[in-house]
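Here are my notes for you to read with the model open in your viewer. Take the points in any order you like.

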Amino acid sequence: MPVPTTVKSKKPPGAGLKVAKPASKKKDEEEGVDQGDGWDEWAQGKALIKPPDQLELTEEELKEEFTKILTANNPHAPQNIARYSFKERSYKPISSVDQMAVHFVLEGNLIHVDSEEARRQRARQDQTDEKPAAEAEAEPDEEIPENPVIEETSEIVDAAAAEDAEEAEVLGEEERPDSVEAQIGKKEQKVTNQFNFSERASQTLNNPLRERSCQTEPPPRCNFSATANQWVIYDAYLEELEKQEKNKDKQKTVSAKKEEDKLKKNKMVTETQSDDVTKVVKVVKIFERMVNQNTFDDIAQDFKYFEDASDEFREQEGTLLPLWKFQYDKAKRLSVTALCWNKSYQDLFAVGMGSYDFSKQGHGMLLLYTLKNSTCPEFVYPTSSGIMCLHIHDRLSHLVAVGFYDGCVAVFDLKAEEGGAAQPAFKSTAKAGKHTDPVWQVRWQNDDMDNNHNFYSISSDGRVVSWTLIKNELVFSDVIKLSLEGALPECLEVVEQPSVACGTSFDFHPKIDFLFLVGTEEGKIHKCSKAYSSQFLETYQAHNMAVDAVKWNQFHPKVFLSCSSDWTVKIWDHTIRTPMFTFDLNSAVGDVAWSPYSSTVFAAVTTDGKVHVFDLSINKYEAICQQPVVAKKKTKLTHIEFNPIHPIIVVGDDRGYVTCFKLSPNLRKKPKEKKGQEVAKGPEVEEAKMEKLLSLLREPDYNSA
């Protein structure tokens, strides 16, 4: 805030003026300098200067005081410094912190006029000036040329001498200075406070000095005596030589390992340097997802928010809303042979590509898609043989077990480095007990007693095999061998072996770890146990053609589902040999799946391109949704999977396309809430709902019995 300022002279009149010498007066008169004008201007007071936009304040506002407290503490000094105390064996905070802050430091070569160094330099200059003067006095014969400057200086010296004489008369002859130069030197010494500075001192608290000392116990001592003979010295030298040789061997092995590591690192560096694209892969992926989400924003909005309002007018019917369509150009001629959702990342699912036309077998492909990017898969693994099945580990979501048409099984690690990502981390070989026929299904199981990962596989050669991941190889063990008459005992000779039954599908019980079901090409379903490899627990005459899929219900421990190429889907109670429900879909059924949110909802796909969704709690006789989902009539649907969280399904066909659909509200109905009552939720409620349906079918049997 600007305030009117006044400019006043703090010096009294004449304080800064000196009495001019006679020589200077003469010069001023000759030059015509007028001193009166400048004195008048200086003596007059200065007028107040007020800017036009000056803010006018009242006297109270002008008299208001604003106090500011200045402290010597540095605001930027740290307050939480801790240092290690060897005495207390812990870190202790430091109480005193240095508060001094240096703002500016400049080293210069200027010397103060009154300093001792300046006086020494002046004395040296005087000595150098006296030497040429003494040389001039030593040569009196030479004539000194007349110089007007010397004459003027002589006049000035005479005038100064006259002034000295006058001062001597006043002060007395004793106090008279020796020369004019001495008088000038004395005047210079009287000048003080040339830079107008003031010294200030303050007294601060000094930390008291402390002495610390500690006393320790002396180390234990013992007396030792021995005789040093020639053979003792010889033995000691031999021991030392042996130690040195062992150290050399260790150093050689360590150096060899280091060289191998260096070679591997150099290879990786050359590979990464050659591929400059790898540096921006992550950024490009993010940009690609952003572009795709903007392009397919309407689909994303439907996935999140759309609910079919027409379901309110259809009590027992529902619809499927098409969302994304996934396709990979390099897999156009391949069929979708397997689907599996990732349990850890609910937007990620794996697709196995192969062929069910056994006369046109060739390469295969493992693809992993995400709902965030439908145009291109996240991971691509080309294989030499067609993939027939796959399964993602429930806990370790980066491990994918795969079964091939040539009988091999493999495990892909999604975390593997890019250099070896195209190859599986584990793969069975002919020496390691691989199957001789196509592998139709694989399933991860709980880790064994040694915490080794393991999975099971089933093939057309009639073997159910357990594969264990040990170090860098797959170790197999046969769990059971299928035959038309029953399970084969291991001790049976080759000559007595009957015809082998072909396994096509299997599934493990979600709660009973040792119990599993096996579907065969002959249409039978066997209930087996991991503990018994020589016999079946139960055999069901299920279908007239090959059993394409067997699935346990996730909520009810007794119910399982099966489908076959004989157009039927059947629901079983494993304690009863006859099916509880049978549905004819008028076409070969490729796959079935239970829903993760209801014990009575399941879906099936058929070769005529239709998706059938059933809810037994609403309709026990027919599907509540029967919808064709393919563009071309000849397209066959092969597999279906429910998302574990979102109300969507993915469907694969024999042309390599995977389509995502959203279930309408009628297909995922929940019991209505009654006033004043909370609707019970949880697996117990779902199990009771299925048990209620089964009890209606069991009652006639019990009455007849």
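A polar contact is a pair of N or O atoms within 3.5 Å; within protein, one of the two must be able to donate a hydrogen and the other to accept it. Keep in mind as you read that this is a predicted model.

1. Let's start with Asn373, which sits in the loop between strand E6 (364-370) and strand E7 (379-383). Is Asn373 buried or exposed? Its relative accessibility is 2%, and buried means under 20%, so Asn373 counts as buried.

2. Now look at what the side chain of Asn373 touches. It makes a polar contact with the side chain of Thr375 at 2.8 Å, and another with the side chain of Glu288 at 3.4 Å. If you skip the neighbours within four places in sequence, Asn373 is in contact with Glu288, Arg289, Asn292, Phe326 and Glu378.

3. Phe326 is worth a stop of its own. How many aromatic pairs are there in the model? The count comes to 26. In one of them, Phe326 and Tyr369 are tilted, with 5.2 Å from centre to centre and 55° between the planes. This pair links distant parts of the chain: Phe326 belongs to strand E3 (residues 320-326) and Tyr369 to strand E6, 43 residues apart. Both partners are buried, Phe326 at 0% relative accessibility and Tyr369 at 2%.

4. Another pair to find is Tyr540 with Trp572. Why is this pair called tilted? The ring centres are 5.6 Å apart and the planes stand at 55°, so the pair falls in the tilted class, which lies between stacked (under 30 degrees) and edge-to-face (over 60). Here too distant parts of the chain are linked, since Tyr540 is in strand E19 and Trp572 in strand E22 (residues 568-573), 32 residues apart. Tyr540 is buried at 0% relative accessibility, and Trp572 is buried with a relative accessible area of 0%.

5. Strand E19 also takes us to a sheet. Four strands make up an open sheet in the order E16-E17-E18-E19, with antiparallel pairing. On average, neighbouring strands here are turned by 20° against each other, direction ignored. Zoom in on E16 and you'll see five bridges joining it to strand E17 (residues 515-520); Ser505 has Gly519 in E17 as its bridge partner.

6. Strand E25 (residues 601-606) pairs with E26 in the antiparallel sense over five bridges, and Phe602 stands opposite Phe614 in E26. Three residues lie between the strands of this hairpin, and Gly609 takes a positive phi near 85° there. E26 also runs antiparallel to strand E27 (residues 625-628), joined by four bridges, with Lys610 opposite Pro628 in E27.

7. Those two phenylalanines come back in one aromatic cluster, formed by Phe581, Phe583, Trp594, Phe602 and Phe614.

8. Last, the cysteines. A disulfide is a covalent bond between the sulfur atoms of two cysteines. How many disulfides does the model have? The count is zero. Cys214 is exposed, with a relative accessible area of 70%, while Cys408 is buried at 7% relative accessibility.

Terms used: Residues are numbered from 1 along each chain as its sequence is written. This is a predicted model: local features need pLDDT of at least 70, side-chain atom pairs count only at pLDDT 80 or more; totals for chains, interfaces and linings use all residues. Side-chain values use heavy atoms; hydrogens and water are left out. Two strands pair if DSSP finds at least two bridges between them. Helices (H or I, at least four residues) and strands (E, at least two) are DSSP runs, numbered from the N terminus. Axes are lines fitted to C-alpha atoms, for helices over the stretch in contact, and angles run from 0 to 180 degrees between N-to-C directions. Buried means under 20% relative accessible area, exposed over 50%, partly exposed in between (1.4 Å probe, protein chains only). Contact means heavy atoms within 4.5 Å. A disulfide is a pair of cysteine sulfur atoms within 2.5 Å. Rings of Phe, Tyr and Trp (its six-membered ring) pair if their centres lie within 6.5 Å; planes under 30 degrees apart count as stacked, over 60 as edge-to-face and the rest as tilted.
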